[in-house]
Amino acid sequence: MPNASSWSASSPLLLLWEDSSSTRIFLSLLYAVLAISGTLSNVMVIYLVFSFKKLQTTSNAFIVNGCAADLSVCALWMPQEAVLGLLPPNSSSLRSAEYRLLRGGLLGLGLTVSLASHLLVAFNRYVLITKLPSVYQALYQRRHTGCMIGLSWALALLPVPLLPGLWTLGSAQSDGSSRYTALLLALAVLGQTALLLHCYLGIVRRVRGSAKRVSVLNFHLLHQLPFPAAPPPPRRAQRRLSSVSVLLLCCVFLLGTQPLVWVSLLGFFLRPAPPALQAASWLLLCSLSALNPLLYTWRSEEFRRAARSVLPRGEGPAAAPRPAAAA
């Protein structure tokens with residue numbers, strides 16, 4: 001039977017078996033909460049986009065693509081991690097290479113497509129805001145949009161066999177291949193982050209120069225046009241709210257991705273980070289799969305209207321007359 005250190009190397013992210021049982025239970029509960037909330041929120045966004053024609057836009061197509069990828073993390077991978085924290089370390093089936101490959105494949109596929117969808121959404125909005133409408137229409141035809149989505153899944157399938165090598169990062173059994181795999185992962189996420197920031201910061205600069213153009217384009221992450229009964233907000237306040245929305249999205253994305261990048265770079269060039277720090281960086285990255293639906297829809301009035309119309313208390317009680325008024 002393998003010792004505790006070998007089992008911790010083959011069971012990443014969640015726990016070390018030399019940790020206390022209370023720590024393992026806490027992490028299992030945390031994964032369970034993320035799994036439930038992330039599954040519900042991702043399914044809700046997918047359902048709303050497919051059910052309401054106003055939400056069927058090119059940008060939302062990329063958001064749905066990301067939600068589908070996040071479901072492989074929240075609905076398939078996270079529940080397994082939650083269960084692993086409650087099982088004894090001598091379960092032979094959980095230590096099998098096939099099971100590790102399955103878990104690594106689900107996680108790698110979901111995170112890769114999710115990160116690619118972040119970039120596709122950012123680039124779509126960058127072209128929408130900063131380029132001429134003719135350029136946007138030519139680039140985002142339905143066929144081109146489908147090819148972009150298909151390419152994100154095709155590229156995600158290539159590195160899936162490498163993902164199980166990441167599980168041994170920082171352990172005594174770590175070899176050169178896993179270290180180089182971690183380096184490639186860090187560089188890929190770093191490059192993707194640089195492109196995403198370039199797109200959103202370009203949007204912020206354009207918004208500050210022309211807030212009226214952004215409102216007319218109905219860019220739902222930014223401050224939209226108000227209801228007809230509401231007075232229009234001041235131009236300066238509109239630019240401020242638009243910039244804050246985009247910068248908040250960037251900050252959440254950086255908080256979720258950059259710890260893993262720098263932990264991986266530290267392990268390659270200097271020495272492996274403590275196991276707890278590695279686990280925390282992975283947990284932050286995986287938590288994005290549960291936060292992404294809210295991250296992209298919380299400022300959208302169209303999404304809020306659609307959600308209110310399908311929730312049990314959406315419009316029924318508000319539309320019913322009060323007994324006192326009828327009397």
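In which helix is the place of Leu248? Leu248 belongs to helix α9, residues 235–269; the points below set this residue in its context.

1. Basis of the note. This is a predicted model, in which local features need pLDDT of at least 70, side-chain atom pairs count only at pLDDT 80 or more, and totals for chains, interfaces and linings use all residues. Residues are numbered from 1 along each chain as its sequence is written, and side-chain values use heavy atoms, with hydrogens and water left out.

2. Confidence. The chain has a mean pLDDT (the predictor's confidence in each residue, from 0 to 100) of 74, and 69% of its residues reach 70 or more. The pLDDT is below 50 over residues 1–18, a stretch with 46 contacts in the model beyond near neighbours in sequence; a contact means heavy atoms within 4.5 Å. Residues 314–327 also have pLDDT below 50, with three such contacts. Where pLDDT is low, predicted coordinates should not be read in detail.

3. Overall architecture. The chain contains 13 helices and zero strands; helices (H or I, at least four residues) and strands (E, at least two) are DSSP runs, numbered from the N terminus. Of its 327 residues, 47% are buried, where buried means under 20% relative accessible area, exposed over 50%, and partly exposed in between (1.4 Å probe, protein chains only). Among contacts between residues at least 6 apart in sequence, 76% join residues at least 24 apart.

4. Nonpolar core. A nonpolar core is a set of buried Ala, Val, Leu, Ile, Met, Phe, Trp, Tyr and Cys residues joined through side-chain atoms within 4.5 Å. The largest one has 61 residues, of which Trp77, Met78 and Tyr200 touch the most other members. Helices that each supply at least two residues of this core include α2, α3 (58–84) and α7 (176–209), while α4 provides the largest share, 11 residues. Leaving aside residues up to four places away in sequence, Met78 touches Tyr31, Leu34, Ala35, Val73, Cys286 and Ser287.

5. Leu248 is partly exposed, with a relative accessible area of 40%.
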